[in-house]
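Dear colleague,

I am handing over the structure below, and after it you will find notes on what came out of going through it. Please read them with the coordinates open beside you.

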Amino acid sequence: MENLKPGGIAVIDFGSQYTQLIARRIRELGVYSEVYPHDGAAEHINQHQPAGYVLSGGPSSVYESGAPRLPQFLLESERPILGICYGMQLLTAALGGVVAAAREKEYGPAAISHQPPSPLFDGLDPELQVWMSHGDRIEALPAGFRALAQSDNSPLAAIGDLARDYYGLQFHPEVRHSAGGRAILSNFLFKICRCQPRWSAAAFIDDAVRRIREQADGERVLLALSGGVDSAVAGALIHRAIGERLTCIFVDHGMLRMGEAEAVVRVFRQEQGMKLIAVNAVEHFLTALKGITEPEAKRKLIGALFIERFNEEAQKLRGIRFLAQGTIYPDVIESAADSAAAKTIKSHHNVGGLPQDLQFELIEPLRDLFKDEVRKIGEALGLPQSIIWRQPFPGPGLAIRCLGELTWERLEKLRAADAIFTGELAASGLLRGGTAQSFAVLLPVKSVGVMGDNRSYEEVLALRSVTTDDFMTADWSRLPYDLLARVSARIVNEVPGINRVAYDITSKPPGTIEWE
C-alpha cells in the first residue's frame with residue numbers, strides 16, 4: 001500500500017502561535033504535513049521526502065543577534081518554499097534582500113491587492129482581506145524576486161521568485177480571518193509543489209491498520225483505555241487490525257466525570273466486544289495523592305501510579321510485547337517531545353516518562369493526528385457518537401480541576417457541579433458544536449455567602465468553556481447569560497459546599513485551557 005507521508009509538506013517552526021494551524025490547514029486539503037523545529041537535523045526534516053517547505057512566522061526580527069536563521073539545506077534542496085511573515089523575511093534575508101523595522105506596524109485585518117499572473121494567487125479575487133501581524137518589512141528584494149501583492153502599509157505584502165518557486169507572504173493565510181487563505185495554500189500545494197491529495201480518514205485507516213499489523217507481527221497488544229476519544233479510536237484501529245490479540249486495561253483512579261467509569265465498561269466490553277480488564281484503584285490513588293497540591297506533582301504522580309497499576313495487571317498476562325497508547329500530536333507538541341529547543345508547557349503522562357524496565361514496545365497509531373482528525377477517524381470506524389464527541393478530558397482527570405488537596409468529598413462535589421454545567425450545555429445544544437471544551441474547576445478558596453438567612457462560608461467554583469479549531473489556541477465561549485445564571489443557581493442550591501460560581505473569560509494564550 002502507498003505510504004501517505006512522502007510527497008507532503010514540511011512546516012518549519014520559527015515560534016509562531018499559528019504554526020500548528022499551518023499544518024492543519026494543509027492536511028484539510030488532503031496533503032500530509034508535519035511540523036519540525038527550525039533547528040532540526042536535515043535528515044529528520046526530510047525523512048518523508050517532502051515536496052516543499054513552509055516557513056512559519058515567529059516573534060523574532062531577522063536583523064537581531066541570535067534570531068533563528070534559515071537552514072542552508074532548505075535552499076540546497078531546490079524544493080519550493082513558502083515563507084509566512086517571519087518566514088518571508090527570513091527567506092528574503094538569506095537570499096540577499098534587506099529587512100528592517102516598519103515605520104507602521106500592522107496587526108489585524110488589512111486589504112491587499114495582487115497582480116496576475118502568479119500561480120500563488122491564481123483564481124483569487126484581485127482584492128482580498130487578510131490578517132497581518134508584523135512589525136518588520138522588506139526594504140529590498142533579493143535578485144529574481146518581484147512583488148506579487150501589496151497593502152497600504154506593505155508594498156511587498158507578497159513576493160515571489162517564480163523561476164525557483166520561492167514565495168513569501170507578509171500575512172497569515174492559515175487563519176480564518178484571511179479570505180482566500182485556503183485557496184493560496186491550495187495553489188502552493190497543487191500548482192507549485194505538485195502534491196497529490198492522498199491524506200483522508202479512509203486512507204489513514206487503511207495505512208494505520210497495515211502499519212499496526214506489521215509492527216505487532218502476530219504478537220499481543222495491551223491498550224491503556226481511558227474511555228476518551230483518543231484511546232477509544234486507538235483501540236478501534238488496533239482491534240480492526242489484530243482483533244482478539246488486543247487486550248484493554250481500564251484503570252479507574254476515581255477522578256473521572258459522573259458516570260464515566262461505568263460507561264467505559266459498558267461501551268467497550270459489551271458494545272464493542274473488546275477484551276477489557278477494569279481495575280478499581282480509587283483508594284490507592286487518593287491515598288497516594290493525600291496532601292499534594294502542586295499541579296505538576298499531581299500529574300507526574302498520577303502518571304507514575306497509573307503505570308504502576310497498569311504494570312501490575314499487565315504482569316498477570318503473559319506473552320504480551322506491545323503497549324498501545326492514544327497519544328495525539330498536540331500531546332507531543334505541548335510536552336516538547338520533538339525538539340531540544342522547545343519549552344514544555346505541561347507534561348502528559350502518555351508522552352515519554354515510561355520507565356526503562358516496563359517491558360513493552362510502544363504502538364501509538366494516532367501520534368501524527370490532531371484532535372479533529374481523530375474524531376473523523378472515529379466516525380469512519382463506526383464508534384458511537386457519545387464517544388467520538390466526548391469533550392476532551394485530561395489523563396489526570398478531575399485531579400487537575402480540583403485545585404488544592406484532593407479528597408473524595410471534594411471530587412464528588414466537583415463531579416456533581418460539572419454534571420450540572422455540561423448537562424445544561426447539552427440541553428441548550430451547546431455541548432457539541434457550540435463549545436469545544438467545557439468543565440468546572442473547584443478552587444481552594446472559600447467565600448462568605450448568605451443561604452436561608454444564615455451566613456455560609458463555602459468553596460468557590462469556576463466554570464470554563466472555550467471555542468477552538470485546534471486546541472493550540474482558544475477563546476472563551478460567549479455563553480448566554482440566562483444559561484450561566486441557571487447553572488450558577490442550580491450548583492449553589494443542589495451541590496452542598498459551594499456558595500459562589502465564577503466564569504473564566506481568559507483566552508489561550510495567555511492562559512491554557514485547563515487551570516492546572
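How many cavities of 30 Å³ or more does the structure hold? There are six of them, where a cavity is a set of points on a 1 Å grid over the protein atoms alone at which a 1.4 Å probe fits but from which it cannot get out. The model is a predicted one, in which local features need pLDDT of at least 70 and side-chain atom pairs count only at pLDDT 80 or more, while totals for chains, interfaces and linings use all residues. Residues are numbered from 1 along each chain as its sequence is written, and side-chain values use heavy atoms, with hydrogens and water left out.

Cavity and pocket

The second largest cavity has a volume of about 60 Å³, a volume being the space filled by probe spheres set on the points, which are joined across faces, edges and corners. Its lining, meaning residues with an atom within 4 Å of a point, includes Lys-5, Tyr-32, Glu-34, His-48 and Pro-50. Strands E1 (9-13) and E2 (33-37) each supply at least two residues of this lining, and the largest share, three residues, comes from E2; strands (E, at least two residues) and helices (H or I, at least four) are DSSP runs numbered from the N terminus.

The second largest pocket, a pocket being an open set with protein on both sides within 12 Å along at least five of seven lines, holds about 380 Å³ of space. It is lined by 18 residues, of which Tyr-18, Leu-21, His-177, Thr-473 and Ala-474 are the closest to its centre. By class, the lining has six nonpolar, six polar and six charged residues, with Ala, Val, Leu, Ile, Met, Phe, Trp, Tyr, Cys and Pro counted as nonpolar, Asp, Glu, Lys and Arg as charged, and the others, Gly among them, as polar.

Helices

Leu-21 of the pocket lining is also one of the buried residues of H1. Helix H1 (residues 19-28) is mostly covered, with nine of its ten residues buried, that is, under 20% relative accessible area with a 1.4 Å probe and protein chains only. Just after H1, Gly-30 takes a positive phi of about 90 degrees.

In helix H8 (residues 260-271), the buried residues include Val-264, Val-265 and Phe-268, and the buried residues of this helix pack against H7, E11, strand E12 (275-280) and helix H13 (385-388). Just after H8, Gly-273 has a positive phi of about 70 degrees.

Thr-247, in strand E11 (residues 246-252), is buried, with a relative accessible area of 5%. Leaving aside neighbours within four places in sequence, Thr-247 is in contact (heavy atoms within 4.5 Å) with residues including Val-221, Leu-222 and Ile-277.

Phe-360, in the loop between helix H11 (329-334) and strand E14 (361-363), is likewise buried, with a relative accessible area of 18%. The C-alpha atoms of Phe-360 and Val-221 are separated by 9.1 Å, although the two residues are 139 residues apart along the chain. Not counting residues up to four places away in sequence, Phe-360 touches Leu-222, Phe-310 and Ile-320, among others, so that Leu-222 is a contact of both Phe-360 and Thr-247.

With best regards

Conventions: Buried < 20%, exposed > 50% of the residue type's maximum accessible area, 1.4 Å probe, protein only.
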